[in-house]
Amino acid sequence: MTAQATREPAIRVRGIEKSFQDLPVLRGVDLDVEAGSIVALLGSNGAGKTTLVRILSTLSRPDAGTATVNGIDMGANPGRVRESISLTGQFAAVDEVLTGRENLVLIARLRHLRNPGAIADDLLARFSLTDAGGRRAATYSGGMRRRLDIAMSLIGDPPVIFLDEPTTGLDPQARIEVWQTVKKLADGGTTVLLTTQYLDEAEQLADRIAILHRGTIISSGTLDELKRLLPAVEVTYVEKQPSLEDVFLALVGEPSETDTADSSDRSATTQKGSR
Ligand SMILES: Nc1ncnc2c1ncn2[C@@H]1O[C@H](COP(=O)(O)OP(=O)(O)OP(=O)(O)O)[C@@H](O)[C@H]1O
Ligand SMILES: [Mg+2]
């Protein structure tokens, strides 16, 4: 056994089952998440990702199975599990009437922390929201709202955080901002379990990827391990689209011997354009 394998995982899930009426959604989920790592739970719509995250954050009870979070048994001690986690749900939990700063202060107060204002200011700075901190959250873009939402869930420094589809509906720039935020969290030692239906998100962010399909984790591992499950890709030839330079040269013709000063100007323009 390696040293890593002997360390208690931050999240350990064994045999979790959950049905809604006669719809079996989770049919025995097993999963380990190492402390300080990012694991992406990948699955299509309706695969049961939110159901699993709700169970692990004690919002819903499983029909069978066990889980420990930070070494605490979820079934026996749900209150202590709640103290060591935070959940950023699939739909932003920001209060739109309040400013960004007021949202943060509110959560810090609810958690009975000292200096809620200082905590809010620190988080606004960490999430590049200082300038927007005094504005009502209703005026925030989707990316800003998501960052505020994640910032709110970090108040009290929980060692384990669950992010349910953190970037759904965001534009590419905002997604990258959220990814950077999540990476920084893990660099600081926080354990992150996130759900996503985006393959590139899992590739970009996760140390390990677990694929949830038809109620079980059908595969899990690092990106390289998962890639090795498939045969090496074949080399294929793709038709090359013409570049603007190709179009330009086809239209004006290649410079010929008979062209004089004109032609040197034109080739200079072409070279500049192709840089
Ligand atoms: N409270 C509930 N009552 C009945 N059915 C439910 C309930 N919650 C979830 N389901 C069903 O369980 C299945 C899994 O739902 P879940 O929300 O966990 O999927 P998901 O993987 O998070 O999907 P998405 O990517 O769309 O968020 C779906 O078929 C859903 O309709
Ligand atoms: Mg979901």
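# Reading a predicted chain around ligand 1

Helix α2 gives the most to the shell around ligand 1, with three residues.

Me: Before we get to that, what is the mean pLDDT of the chain?

Reply: This is a predicted model, where local features need pLDDT of at least 70, side-chain atom pairs count only at pLDDT 80 or more, and totals for chains, interfaces and linings use all residues. Residues are numbered from 1 along each chain as its sequence is written, while chains are lettered from A and ligands numbered from 1 in the order in which they are written. pLDDT is the predictor's confidence in each residue, from 0 to 100. Here the mean is 85, and 86% of the residues reach 70 or more. Over residues 1-5 the pLDDT is below 50, and that stretch has two contacts beyond near neighbours in sequence. Residues 257-275 also stay under 50, with eleven contacts beyond four places in sequence. A contact means two C-beta atoms, placed from the backbone, within 7 Å.

Me: Okay, and which residues surround ligand 1?

Reply: The rule is that a residue is near a molecule if its C-beta atom, placed from the backbone, lies within 6 Å of it. That picks out Phe20, Val25, Gly43, Asn45, Gly46, Ala47, Gly48, Lys49, Thr50, Thr51, Gln90 and Gln197. By class they are three nonpolar, eight polar and one charged. For the classes, Ala, Val, Leu, Ile, Met, Phe, Trp, Tyr, Cys and Pro count as nonpolar, Asp, Glu, Lys and Arg as charged, and the others, Gly among them, as polar.

Me: Is helix α2 enclosed or open, and why?

Reply: Start with burial: a residue is buried if 20 or more other C-beta atoms lie within 10 Å of its own, exposed if 12 or fewer, and partly exposed in between, with C-beta atoms placed from the backbone. Helices are DSSP runs of H or I, at least four residues, and strands are runs of E, at least two, numbered from the N terminus. Six of the eight residues of α2 (residues 49-56) are buried, so the helix is largely enclosed by the rest of the structure. They are Lys49, Thr51, Leu52, Val53, Ile55 and Leu56. Just after α2, Thr58 takes a positive phi of about 65°.

Me: Which residues have the most contacts inside the largest nonpolar core?

Reply: A nonpolar core is a set of buried Ala, Val, Leu, Ile, Met, Phe, Trp, Tyr and Cys residues joined through C-beta atoms within 7 Å. The largest has 40 residues, and Ile11, Ala40 and Leu56 have the most contacts inside it. Apart from it lies another core, of 21 residues, including Ala120 and Leu123.

Me: How do I read a strand, say β6?

Reply: In a regular strand the side chains alternate between the two faces of the sheet. In β6 (residues 85-88), Ile85 and Leu87 point one way and Ser86 and Thr88 the other way, and all are buried. Strands pair if DSSP finds at least two bridges between them. β6 and β7 (residues 160-164) pair in the parallel sense over four bridges, with Ser86 opposite Ile161.

Me: What about β1 and β2, parallel or antiparallel?

Reply: Antiparallel: eight bridges join β1 (residues 11-20) to β2 (residues 23-33). Glu17 stands opposite Arg27 in β2. The two strands form a hairpin with two residues between them, and Gln21 in the turn has a positive phi of about 50°. Five bridges also join β1 to β4 (residues 64-69), again antiparallel, with Arg14 opposite Thr66.
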